[in-house]
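Subject: Structure handover

Hi,

Here is the structure you asked for. My notes follow below it.

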Amino acid sequence: MVNSAQPSGLNGAELTDAVLQRRSLGQMHRQIFGSYEVDVQSGLSVWSPTLQRMFPDRSNNPVPMGEIHRSIHPEDRDWVTARMQSAMRSPGPYEFTYRIGLPDGQVLRVRDVGTAHPASMTGQVGRITGTLTDITHEPEGGIGRKLSNDTFWQIIDAAPIGAYAVDSQLRMVRINRTAFATFAEIDNLLGRHIHEILHILWDEPFASEAVARFHQTLETGEPYDADPVIGYRADRKVLEAYDWNIERIELEDGQPGVLCYFYDLTERVRNERVMKEQQQRLSLAYDAARMGAWEVDLLTDEVQGSPQLFALFGAPDFGGDVNDLWRRAIHPDDRPAIKAAFQDAVVSKSAFSVDFRVVLEGGAIRHLATCGEVLCDADGTPVKVIGVDQDITDRKAVELALRESEEQMRTVINHTLAFVSVLDQDGVLRESNQPALDFGGLTKEDVVGRPFWDAHWWTYDPAIREKCRDAVSKARSGQTQRFDVVVRGRKDTFITIDFLLAPVFGATGELRMLVASGFDISDREEARAREKLLMGEINHRTKNILTLVQAVARQTARGSSGDFIPRFETRLMALAKAQDLLFRSATDRVDLRSLAESQLAHFLDRMEARISLAGPPVSLAPHAAQAIGMALHELSTNAGKYGALSSEHGRVEVAWSVQPDHDSFEIVWLERDGPPVVPPTSRGFGSTVINQMTQSALDAEVSLEYRPEGVRWTLICNMSKVTKAE
């Protein structure tokens, strides 16, 4: 509501400032008693020297709030404290008048004008500044008489009702503590006309009507019992409610006055409105969810139900005994289960839920789910059971259809090599076939009921999880999703699958389910990787061969004495044989010594003097021959370019050993007496072949050391890795 007495062009803060400015002009000739500043958080205040004489101990500055409280006249302390607390809650100006007692016994009447300043960070009041003006000798505007604290007002002050009295001029002359809290925001209550006060509090027409009632009671002496006033306070802008009445009284000076009693109904009215709104929302929720509420009084056996409940039982206009309706409508086969669940809940004082059927007129079946909760009194004795019933007929139909479909599908999908899962319309897993569960080391309980993207297969990587979630979203809109993805199995094993997520629609076009499937394509992906590696190796080897041809030519020319061409041709043939042997290893087994000799054939003239091969016979599987052959080729190439075989005195030792009892195989390449070894500053494709390819192909431990005295390369793996074909 808007205060009708407030000018439309001036807001509340401006109005208060304007009033204070007008009053301050009239106060210029008065004596300013002093100024003060209060820190709200600490409760300490600083007072000007003229105000220090209010306190017995004038050395205290800052002044504690307790000492300030004691300086206020005893009859004014409570309401002044309440007024200051109100000022501390709301930033802005304030003004009120009260009495203070000086240490010498003198009593002064002062006007307190100040401002509550907000803190810059919180907006709450942080400090208060103000001035006290001595108005002891000013006329009190009709408040010259002093009302004593007689027994009546002492009782009224302690009562939980509000009470105030107005004189024959309808000016307020007395107010109790409860009423003061209602009028706390109004300055200088005593002496103000009831017309002004009520128009600050309430909008029209109530304010004028209430003032008229005061006039009538004052003139006729007839008491007035008013209807409760419920509305928005014009000053506070909040809903408040009061029950009030007035009667004529005789004041202490013998003049007539009016006494108003009122009781604050605000909390009750607000609660009633909240309860009504909640009931309306609850009714809407019941309608939307097709639910109905019921309540059983265990002491009287009385049952109450909502209109929605009766509609669920096929009797929307039912008005009889709810027990009769239940007995008549609930399917006979379901009555024992409901009765047992209800009784068990009462005995155990716990909640219960059970599904059941009702038979509607004409024989139609409706499925309902009931949930109830037992309420107990203060002694723990069950006194009431409350609950709701919900129509789950559609859900039951879907569940039945899914069960039938799942039984048929389970037989099929459990006999396929593919991973297959069934998702509902929301992407929640409803079924997974045995191959998918076995691969993940899972049970149905681990996956059924979980969102597909939250299953064990995908949660190893947030990006993969989100990709699956996005696929479900697109599939729900009718888009089939297909892509290759890495899936996690038991013990964090990983394979690549060809993943497909397809929507399945019903006859009328509604989405029934989503079907996810995946085929293991790890072998294909590994083959692709090997093919890519081989192509890179072929390109790299070609360049190395040309480099070796140049090196062989130079070395042959350096040591030749007329036999350059034969020796050069021999070395070129060794290179060609090494290539032939390497590519034949894709289908045939290769003797390790033969493989080593083929890769070192271009250094045949140094084989006995500078290159030694030592180790037992070992028949390599194709993949092992390929990996080790590539490594030896790279090592020999590097040795010829930069290592032991690039100098006249360098030597190379290739040794391998086998320990059958430990299923262990080891091969070592060791260079000696060559030029000083300098570790490379970068790693090229050759290093990848020497280290990573052999390590990956043979699941081996591989080390390449650039020792000053010569390069050392070591490979250790299980014997089965080099002898058994993949």
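Which residue in β27 does Val 658 stand opposite? Val 658 faces Phe 665.

First, the ground rules. This is a predicted model, so local features need pLDDT of at least 70 and side-chain atom pairs count only at pLDDT 80 or more, while totals for chains, interfaces and linings use all residues. Residues are numbered from 1 along each chain as its sequence is written, and side-chain values use heavy atoms, with hydrogens and water left out. Helices (H or I, at least four residues) and strands (E, at least two) are DSSP runs, numbered from the N terminus.

Strands β26 (residues 651–659) and β27 (residues 664–672) are antiparallel, with nine bridges; strands pair if DSSP finds at least two bridges between them. Helix α20 (residues 622–641) packs on the sheet and touches β27, β28 and β29 (710–718). Its direction makes about 10 degrees with that of β27. Axes are lines fitted to C-alpha atoms, for helices over the stretch in contact (heavy atoms within 4.5 Å). Angles run from 0 to 180 degrees between N-to-C directions. Helix α19 (residues 592–599) lies across β24, β26 and β27, at about 165 degrees to β24.

The sheet is open, with mixed pairing and the order β24-β26-β27-β29-β28. Its edge strands, β24 (611–614) and β28 (701–707), each pair on one side only.

The β4–β5 hairpin

β4 (residues 92–101) and β5 (residues 107–118) pair in the antiparallel sense over ten bridges. Gly 101 has Val 107 of β5 as its bridge partner. Five residues separate the two strands of this hairpin, and Gly 105 in the turn has a positive phi of about 95 degrees. Seven of the ten residues in β4 are buried (under 20% relative accessible area, 1.4 Å probe, protein chains only).

Helix α8

Buried here are Ala 207, Ala 210, Val 211, Phe 214, Thr 217 and Leu 218. Gly 221 follows α8, with a positive phi near 80 degrees.

His 331

His 331 sits in the loop between α11 (322–329) and α12 (335–348). At 16% relative accessibility, His 331 counts as buried.

Best wishes

Definitions and conventions: Buried < 20%, exposed > 50% of the residue type's maximum accessible area, 1.4 Å probe, protein only.
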